[in-house]
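Reader: I would like a close look at one part of this model, the aromatic residues and what surrounds them. Please take me through it step by step.

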Amino acid sequence: MIAVYDGRFQPFHIGHLSFIERIHDQTGLSVAILVIHSTISADAGGYSAVADAHHRPEKNPLTVWERVSLINQAIAHEKFSFVSGVLA
């Protein structure tokens, strides 16, 4: 079994990391982190990396791939790992 934690993570911060650690420590479950793609485009059935890179509203300053990278960096030394994934 796994726990699923989804969100925009704009940006990923210590509160997110603390929550993941508590879930893991209290339940022993692996935690799957789903990064929600916060910019939807009409291109390619709803997702466009180009649109994501050029459309940065104030509430969503980071692209989905920047967020994935930040999460990977934040948990690099933790007891769990993150596999890149995007929920469109």
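This is a predicted model: local features need pLDDT of at least 70, side-chain atom pairs count only at pLDDT 80 or more; totals for chains, interfaces and linings use all residues.

Author: For Tyr-5 the relative accessibility is 18%, which falls under the 20% limit, so the residue counts as buried. The structure holds three aromatic pairs. In one of them, the ring centres of Tyr-5 and Phe-9 are 5.3 Å apart and the planes stand at 80°; an angle over 60 degrees counts as edge-to-face, so this pair is edge-to-face.

Tyr-5 also pairs with Phe-19, here with 4.8 Å between the centres and 50° between the planes, a tilted arrangement. Because Tyr-5 lies in strand 1 and Phe-19 in helix 1, this pair ties together parts that are 14 residues apart in sequence. Phe-19 is partly exposed, at a relative accessible area of 34%. Together with Phe-12, the residues Tyr-5, Phe-9 and Phe-19 form one aromatic cluster.

Phe-9 and Phe-12 also belong to the largest nonpolar core, which has 13 residues. Along with Ile-20, Val-35 and Ile-71, these two touch the most other members. At least two residues of this core come from each of strand 1 (2–7), helix 1, strand 2 (30–36) and helix 3.

Leaving aside residues up to four places away in sequence, Phe-9 touches His-16, Ile-33, Leu-34, Val-35, Arg-67 and Ile-71. Of these, Arg-67 is found in helix 3 (residues 64–74). Arg-67 has 1% relative accessibility and therefore counts as buried. A polar atom of the Arg-67 side chain lies 2.6 Å from the backbone oxygen of Arg-8.

How values were computed: Residues are numbered from 1 along each chain as its sequence is written. Side-chain values use heavy atoms; hydrogens and water are left out. Helices (H or I, at least four residues) and strands (E, at least two) are DSSP runs, numbered from the N terminus. Buried means under 20% relative accessible area, exposed over 50%, partly exposed in between (1.4 Å probe, protein chains only). A polar contact is a pair of N or O atoms within 3.5 Å; within protein, one must be able to donate a hydrogen and the other to accept it, and residues adjacent in sequence count only if both atoms are side-chain atoms. A nonpolar core is a set of buried Ala, Val, Leu, Ile, Met, Phe, Trp, Tyr and Cys residues joined through side-chain atoms within 4.5 Å. Contact means heavy atoms within 4.5 Å. Rings of Phe, Tyr and Trp (its six-membered ring) pair if their centres lie within 6.5 Å; planes under 30 degrees apart count as stacked, over 60 as edge-to-face and the rest as tilted.
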